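Thank you all for coming. Please have a look at the sequence and the model on the screen, and then I will go through what can be said about them.

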Amino acid sequence: MEAAHFLVGGKVQGVGFRAGTLNEAARLGIVACRALNLSDGRVEVAVKGETVAIAALAEWLRHGPSGARVD
């Protein structure tokens, strides 16, 4: 079991990014996932799970849901 922390910037608030992140984490079997909007416009994501699942989520976070633009 590993943990990881991500800060995602771009157009990531108001586009379903947090909900999409939680859904994708659940789909990947990640044990714990928290996604929070930050006051500077970024989304903070903290997860715990298997290394392969975290790597897959990290790749998903590079683009997020449709409507998002990750910088």
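This is a predicted model: local features need pLDDT of at least 70, side-chain atom pairs count only at pLDDT 80 or more; totals for chains, interfaces and linings use all residues.

Aspartate 40 forms a salt bridge with arginine 42, and the closest N and O atoms of the two are 2.7 Å apart. By salt bridge I mean a side-chain nitrogen of Lys or Arg within 4 Å of a carboxyl oxygen of Asp or Glu. Residues are numbered from 1 along each chain as its sequence is written, and side-chain values use heavy atoms, with hydrogens and water left out.

Coming back to our pair, aspartate 40 is partly exposed at 48% relative accessibility, and arginine 42 is partly exposed as well, with a relative accessible area of 30%. Here buried means under 20% relative accessible area, exposed means over 50%, and partly exposed is in between, with a 1.4 Å probe and protein chains only.

How many salt bridges does a search of the whole structure find? It finds five, and I will pick out two others. Arginine 34 forms one with glutamate 44, the closest N and O atoms being 3.9 Å apart. Since arginine 34 lies in strand β3 and glutamate 44 in strand β4, this pair ties together parts that are 10 residues apart in sequence. Arginine 34 is partly exposed, with a relative accessible area of 42%, whereas glutamate 44 is buried at 18%. Glutamate 59 forms a salt bridge with arginine 62, with the closest N and O atoms 3.2 Å apart; glutamate 59 counts as partly exposed at 46% relative accessibility, and arginine 62 is exposed at 58%.

Let me turn to the strands, which, like the helices, are DSSP runs numbered from the N terminus, with helices being H or I of at least four residues and strands being E of at least two. β3 and β4 form a hairpin with five residues between them, and glycine 41 in the turn has a positive phi of about 95 degrees. The two strands pair in the antiparallel sense over six bridges, where pairing requires that DSSP finds at least two bridges between the strands. Within this pairing, alanine 35 stands opposite valine 45 in β4, and leucine 36 stands opposite glutamate 44.

Finally, the structure holds one aromatic pair. The rings of phenylalanine 17 and tryptophan 60 have their centres 5.8 Å apart and their planes at 45 degrees, so the pair is tilted. The rule is that rings of Phe, Tyr and Trp (its six-membered ring) pair if their centres lie within 6.5 Å, and that planes under 30 degrees apart count as stacked, over 60 as edge-to-face and the rest as tilted. The pair links distant parts of the chain, with phenylalanine 17 in α1 (residues 17-28) and tryptophan 60 in α2 (residues 51-61), 43 residues apart. Phenylalanine 17 counts as buried at 1% relative accessibility, and tryptophan 60 is buried at 13%.
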